[in-house]
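The sequence and the model are shown first.

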Amino acid sequence: MWHWQKLINMRRKYMDFREERLGKLLEDLNVMRYCNTVLLENFDVDKKWEDGVHSVLRHKIILPACFEGKYVEFCLSTGREGEWDAVNPQFQLFVNQKRIQGMDVNHRTAVLTENGRKEEVFDLELRSYTKYQNRPILLRGEIREVDKEVEELYYDLRVAYQVACLLEKDEENYRKLIAALESACGHLDLRKPHSSDFHKGIKAAKACIMEELYHSCNGGVSPVVHCVGHTHIDIAWLWTLDVTRDKAVRSFSTVLELMDRYPEYIFMSSQPQLYQYVKEDAPDVYEKICQRVAEGRWEVEGGMFVEPDCNIPNGESLVRQCLYGIRFFEKEFGKKNHILWLPDVFGYSASLPQIMRKCGLDYFMTTKISWNETNQIPYDTFYWEGIDGTKVLTHFICARDYSSPTRSVRTNNEHYSAFTTNYNGYVTPAQIKGAWQRYQQKELNSQILLSYGYGDGGGGPTQEMLETQRRLALGIPGCPRTRQSSAIEFFRELEQEVKGKKRMPQWYGELYLEYHRGVYTSMGRNKRSNRKSEFLLGRSELWSVMANTLLSIPNDRETLLECWEILMRNQFHDILPGSSVAEVYEDSRREYEILGDKLLALEEKLLQTMTDQIAGDRGIVAVFNPNSFQNTDILEIPEPVSRKVSSFKTGGTVSVIQENSDGSRIFLAADVPAKGYCVFEPVDEEMAEDKKSSQVLKQDITEQNAAQANLFTEFALVNGEVETKWYHLCFNDKGQFTSIYDKEEGRELLQIGHRANVLMAYEDKPHDFDGWNIYDYYQERSWEVDHLIRMEVSEKGPLRYAIELEWKYQDSVIEQTIYLYSHTKRIDMKTRVDWKESQTLLKALFPVEIHSKEGTFEIQYGNIKRDLVKNTSWDQARFEVCYQKWMDISEDGYGIGFLNDCKYGVHVQDGTVGFTLIKSGIYPNPQADQEEHLFTYSLYPHQDGWRQGNVPRQAYQLNQPMTANVKKLEGGNLAKEYSTVSVSAENVIVEVVKPAQDSDDVVVRMYECYNRRTKVTVEFPQEMREIYRCNLLEEEERLEAVNEKSFQIEIAPYEILTFKVKR
């Protein structure tokens, strides 16, 4: 009774400083955790790490007698404490030749022994490897005894104290916590640390806090924060791939060491690429990971090979990310993925829900959309609906510090704005309480997910986080309860909790990130390499299937797998978007070159082998069409076709040859079968044996020449006008269009008084994230690229007309060839830029006379509509958007398609379409985009809407031209015309024909692109034994046909369908 009365009196006297007093006692107790600290002699190292060099420091410790029977740890400091952990010095610690853990600014201690022996020897080895911010560091090492009894009490008091400091002082829970803390601290005797009285007080305080607080905690308290350990490791960013290999080993070994000490600890990590690195570089670590996975304590989830950008890769790349990622985890660990885990990606395509569902991924998690600068997504738990109607359960992690008008604690060192959340969460009362405060669906659900731990080599969760979680799991009054959990456990419980609830929100369409809009354009070289590699891989798989079917040539699975992994690795969300350091792009250049060399060699070998086996004379030309439709397009005549050849014939059709001033020759290859080939026979009039046939042929050619001879008038530099079959075009003296008049429709394409193909340079100086961001204020300062150096005709003939232009801008040179055609209304602008500028955004502007308040933009395996008005803040925030191969603006009866072969950013404002061509930021890569750029952008005017104009087909023709090969050998028995697979509907596109993953079967994948439910016939060149419908993982779902050459299906709007064909 006297004790309580004394406390009451003390409270009255010192009421204003109760928190401060307790805080000071905790500071002292923190220091008193350690005793017998010994500074290691001859350990201090003052050095600067060299770029790309593995550094090793060795030191021998002979344990002094004072550590006999004690718990001893090694402590390392670098002089860089307090700086960002991602670029701090990071080490791998070995003790007596055994790998122990990683060491970094967050993990500075390592247990040497729990029961020290006099003169016990510990041979330390610290290995480090870095390539960024290699500034001098000062290493300092020490060993110290840890008093575990004091440490345990310290955490007991500290966690309760941290909760109290977040509560209002008039709350009952605040009063309860402060009373319990003061009661426990009243037992402490800190006069002489580590004396008998000191330890007696520690024991009494421990008993008191347990009795007055923790034993009375309600373990069933709601809400519950599911905590899963995590370390988000960027495959590359401010470091290169080889540094990441070390980061992965260090971080994973740290996780494993803490798992040994905390049996309740559950950890998850995505990205099979990281596991591949660890398996290759540290088999001992990988073996332990396998053990923990088998125990259920290490969760292998994520759904993709890496965490890729989701705007720029095409649809098949996203499918392969899932296919290879899911198969890796299943093969290596026997675990099937169910979560698409993409915490840090710069926007999410509306095609993802369907791809997820067809890959067996039921749940989606991110936090990145919370980085929006303007609008807060109103939901954290919802069903996300894709363009085809597929819905997936989605949950946004809400990790964020708690704040109130009178209470706030800032523990978050990550990006912070009005409503951001973070995937690198911390298990602190501030973030646990803050996460629940930030969560927007409290009326639906009482559980949320938090991934906690330092990323990017920061080592993941810490001892402090795990100790805090142990106490918060008991249910401290005033704070949500925590629970160690796997991510899949959380999602399955969430699914049950929200099931059938009428107020469950839904979000339709893309998850557009109102931030980092510059990543659609930064590092254009990589975006070009990605687009070209995607199509090259698709063609290589198609030719492999054709060669295997026709000639029994084995599939080169090893090369295809290696190249897919190169492509997927370089689609990581800081590589492909262009937001990494310069060294990363030197690595990716080399990797893309390896991919290109291997696949081009494979393609050349397969096409030539098939060409040589086609029945016919040596010298015939086989044209291969990789596209889904019967194709007609211009090709360059390959060597060694004789220059005496004046035309080609196939069937009853004759194709004339156009000879250009540079010596090249082109011809129009008509009606080449889908996903196949046909033969064009060269005609040499002088060598023709059949004079009568020769005369008929000569007459046909003459008539065709006459029909096409007047397609173009002589280009006159005087008045800058040119006439074609389709257009009357006018240019000014700056090389810009002043008129594009559609003769067929009798209308002008350009707004009155405006010019098109205006190259505009904008000042691009973002106030943050230079390489990532474009802000709408870039339009405040701009300069036309109008210094025209030359303008001349380079090609003219019956098939194609070309105008070459060259501009100078500052230190940069822009060369462009504008191509006009007889067989299509498409206008191509093939461009080469030698760019020397920095922080300058280059766009090509087309102010068109089309009345439309919405546009259609291709995305992966489909397309979406976006408003072109600025009515709402959501509209205004989309001032720069991404698209794939094409976009279209149409009014009733007429429209224009805008195509590209490797550009992804665009804006549409007041009828002006602006292709974003070059960004050239200076951080983190000071030389970004200051190099040669090659790209083509195109206009395609058409009658009616984009569907009637078949804009998607034009985009495929631009991106994936046909290939011509000359037969070099006599003999052969292959047919002169062949189609691997064809479909009867133009809105159904066969995107993939590939060898099956695990058999000699063939996988065919198609999608619907018009938002039109369609009955379609799929046809093969011969009868197929069995045809199965599959999911995207190539798992058979149902039998479609037996011993049939064709079969009919119904495909839903924007549906992706996959079939496995057994020959």
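Predicted model: local features only at pLDDT ≥ 70, side-chain atom pairs only at ≥ 80, totals over all residues.

## Nonpolar cores

In soluble globular proteins, nonpolar side chains tend to be buried together. In this model the largest nonpolar core comprises 271 residues. The members that touch the most other members are Y275, I289, W298, Y348, F846, F898 and M1006. Helix α3, which spans residues 148–164, gives the most to this core, with 10 residues. Apart from it lies another core, of 20 residues, which includes F43, L63, F91 and I143.

The surroundings of F846 can be listed in detail. When neighbours within four places in sequence are left aside, F846 is in contact with A756, N757, M829, F898, G911, T912, V913, F915, Y937 and L939. F898, one of these contacts, is itself named among the core members that touch the most others.

## Helix α14

Helix α14 covers residues 524–551 and has 28 residues. From its first C-alpha to its last it reaches 39 Å, close to the 40 Å expected at 1.5 Å a residue. The helix is mostly covered, with 22 of its 28 residues buried. Just after α14, S552 takes a positive phi of about 60°.

## The largest cavity

The structure holds 12 cavities of 30 Å³ or more. The largest cavity contains about 210 Å³ of space, and 22 residues line it. E534, F535, G538, Q960 and E991 are the lining residues closest to its centre.

By class, the lining of the largest cavity divides into 10 nonpolar, 5 polar and 7 charged residues.

## The second largest pocket

The second largest pocket holds about 1,100 Å³ of space. Its lining is made up of 44 residues, and V105, N106, Y454, T462 and E464 lie nearest its centre. Two or more lining residues come from each of α2 (18–32), β4 (72–77), α3, α6 (241–261), α11 (429–438) and α12 (463–472).

The lining of the second largest pocket has 17 nonpolar, 14 polar and 13 charged residues.

## Cis peptide bonds and positive phi values

Most residues other than glycine have a negative phi, and most peptide bonds are trans. The bond from E639 to P640 is cis, with omega near 10°, and P640 is placed in the loop between β21 (631–636) and β22 (647–650). The bond from Y923 to P924 is also cis, with omega near 5°; P924 is found in the loop between β43 (912–918) and β44 (932–943).

The loop between β43 and β44 also holds D929. Phi of D929 is near 70°, a positive value in a residue other than glycine. Is D929 buried or exposed? D929 counts as buried because its relative accessibility is 1%, under the 20% cut-off. Q271 likewise has a positive phi, of about 70°, although it is not a glycine. Q271 lies in the loop between β11 (267–269) and α7 (272–281), and Q271 is buried, with a relative accessible area of 1%.

## The setting of I620

I620 is placed in the loop between α16 (582–612) and β20 (621–625). At 8% relative accessibility, I620 counts as buried. Which residues does I620 touch, not counting those up to four places away in sequence? They are I614, A615, V679, F680, E681, P682, N965, V966 and K967.

The C-alpha atoms of I620 and Q608 are separated by 12 Å. Along the chain, I620 and Q608 are 12 residues apart.

Definitions and conventions
Residues numbered from 1 in each chain as written. Heavy atoms only, no water. Core = buried A, V, L, I, M, F, W, Y, C linked by side-chain atoms within 4.5 Å. Buried < 20%, exposed > 50% of the residue type's maximum accessible area, 1.4 Å probe, protein only. Helix = DSSP H or I, 4+ residues; strand = E, 2+ residues; numbered from the N terminus. Contact = heavy atoms within 4.5 Å. Expected span 1.5 Å × (residues − 1). 1 Å grid on protein atoms, 1.4 Å probe; cavity = no way out; pocket = protein on both sides within 12 Å on 5 of 7 lines; lining within 4 Å. Points joined across faces, edges and corners; volume = space filled by probe spheres on them. Nonpolar A, V, L, I, M, F, W, Y, C, P; charged D, E, K, R; others polar.
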